[in-house]
Amino acid sequence: MATGMALGGAPAHPAAAPPPDLPSKFTPAAYANPASRYGPFATPDYYTYADDLVIERNQPGKPHQGKVLAAIQPHSDDIPLYAGGAVAKLIDEGYTGYLIRISNDEAAGKTAGYGVVQNEIDNHAVAKALGCKKAFSFYYRNHRMDDCAEIEIRARLIFLYRVLQVNTIIVMDPYNHYDENPDHLVAARAAEAACWMAGGGKDYPEHYKAGLKPARVREKYYHARSPQGHNLVNRVVDISSYIDHKVRSNVANKGKGPAGAAGARLRQQLAQEGRKLPSLGNDDETANFQYVKQFLMDDWMRLGERFGLQYAEAFRYIGPEPNYRENLRKYVDTNAVAL
Ligand SMILES: [Zn+2]
C-alpha cells in the first residue's frame with residue numbers, strides 16, 4: 001500500500017466552512033471534532049488533516065498475508081478504544097497480530113491488587129476479541145512510567161519486534177499533545193524508537209548471536225488519545241465492517257475503562273426504578289454489548305459520518321520508505337557513460 005490512491009480513490013477532506021464572522025486573513029488549519037454525546041474516552045478535540053489524507057477501505061482477499069502486526073498499548077483499554085477496529089481489520093486482511101501491554105494497570109480497579117489481576121485477564125480477552133495470536137504484558141507500574149528507564153522498555157520491544165518479526169505497529173501517537181497520562185508518551189516513544197533500532201545490526205548484538213534476525217518495521221499507525229488531543233491525521237480507516245469486533249474488545253475490558261459491564265449496571269439500575277431501555281435487551285451480556293455500541297462508539301460514528309462512512313478511526317500513518325538504494329542503482333545504470 002504505497003499510496004492512498006490505491007486504498008480509497010481520491011484524497012478526501014471533511015466538509016467544514018470557516019465561521020462567517022472570521023476575518024478573511026484567518027484560515028482554519030485544524031478541524032474540531034464533534035464533542036462526544038455519551039462518553040469521555042473518545043476522539044480528541046482537534047484533527048489537522050494532511051493534504052495527502054486517504055481513506056483506507058476494506059481490501060479484498062488477504063493482502064497482508066505473511067505480515068506481522070504488533071498492537072502496543074500502555075494500558076488494557078487503549079487499543080480497544082482508539083484502534084480496535086483497525087487492528088481487527090488488518091488481522092482479517094491477513095496480518096498475524098500480537099497485543100503488547102506495557103503497564104500492569106494497577107491504578108485501574110476496585111483495589112490495586114484487583115486492578116493488576118483483572119486487567120491481566122482483560123488484556124488476554126481483548127487480544128482474543130480482536131483476533132490476535134498472543135498477548136504480552138510488561139507489567140510496569142501504572143501511571144509511573146515516566147519513572148521507568150525508557151531504554152529498558154525500548155530494549156524489550158526491540159527483542160519482541162525481532163522475535164516476532166514485526167512489520168507494522170499500531171500505537172499511541174508519540175507526539176500526542178496535551179496528554180495528561182504519563183504512561184502514554186513514554187510507551188509510545190519507546191515503541192517508535194524500537195522500530196528503527198530493531199532493524200539495525202549493531203544494537204543488542206547478542207540477539208543475533210542467539211539466532212534472532214533484524215526486524216523491518218516499515219509501517220506505523222499512530223492513534224490519538226482523547227479528549228484533550230490535537231493530532232495530525234493522514235489516514236482515516238473505514239472500520240464499519242469491524243465495529244462489532246471493536247465493541248467486543250471494549251466489553252472485554254472489565255477492570256477499567258468506560259465499557260465492561262456498564263450496560264448491565266445501567267440495565268439493573270433502571271430495573272430498580274421500574275424502567276428499561278429496550279435497546280439494552282433482556283440480559284446482561286446483550287446490555288453490555290449494546291451499551292458500548294450505542295453510546296461508547298458514538299464518536300467513531302460521528303467521525304465516520306464526516307467521511308461518508310458508518311464508523312471510522314483516524315491515524316497518522318507512516319508507510320515504507322522508498323527503496324533508495326535500488327532507485328540509485330537504476331539511475332546509475334541508466335545514466336552512467338563510458339569513461
Ligand atoms: Zn491508557
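Predicted model: local features only at pLDDT ≥ 70, side-chain atom pairs only at ≥ 80, totals over all residues.
Val126, Ala129 and Leu130 in helix H3 meet His245, Arg248 and Ser249 in helix H7. H3 covers residues 112-130, and its axis lies 8 Å from that of H7, at an angle of about 170 degrees. Angles over 145 degrees count as roughly antiparallel, and H3 and H7 are therefore roughly antiparallel to each other. By class, this contact of H3 with H7 has 3 nonpolar, 2 polar and 1 charged residues.

I turn now to the other partner of H7. Helix H2, residues 78-92, and helix H7, residues 243-251, have axes that come within 8 Å and cross at roughly 135 degrees. H2 and H7 are therefore oblique to each other, and the crossing is right-handed. On the H2 side, the contact is made by Pro80, Leu81, Tyr82, Ala83, Gly84, Gly85 and Ala88. On the H7 side, the residues are His245, Lys246, Ser249 and Asn250. Sorted by class, the contact of H2 with H7 has 5 nonpolar, 5 polar and 1 charged residues.

Asp78 lies in H2 and His184 in helix H5, residues 182-198, so the pair ties together parts that are 106 residues apart in sequence. For comparison, the ideal angle for four tetrahedral donors is 109.5 degrees.

Finally, H5 has a helix contact of its own to consider. The axes of helix H4, residues 150-164, and H5 come within 8 Å and cross at roughly 50 degrees. That angle makes H4 oblique to H5, and their crossing is right-handed. H4 contributes Glu150, Ile153, Arg154, Leu157, Ile158, Tyr161 and Arg162 to the contact. H5 contributes Val186, Arg189, Ala190, Ala191, Ala193, Ala194, Cys195, Met197 and Ala198. What is the division of these residues by class? The contact of H4 with H5 has 12 nonpolar residues, no polar ones and 4 charged.

Technical notes: Residues numbered from 1 in each chain as written. Heavy atoms only, no water. Axes fitted to C-alpha atoms, helices over the stretch in contact; angles between N-to-C directions. Helix = DSSP H or I, 4+ residues; strand = E, 2+ residues; numbered from the N terminus. Parallel < 35°, antiparallel > 145°, perpendicular 65-115°, else oblique. Left-handed = near helix turned anticlockwise from the far one by under 90°. Contact = heavy atoms within 4.5 Å. Nonpolar A, V, L, I, M, F, W, Y, C, P; charged D, E, K, R; others polar.
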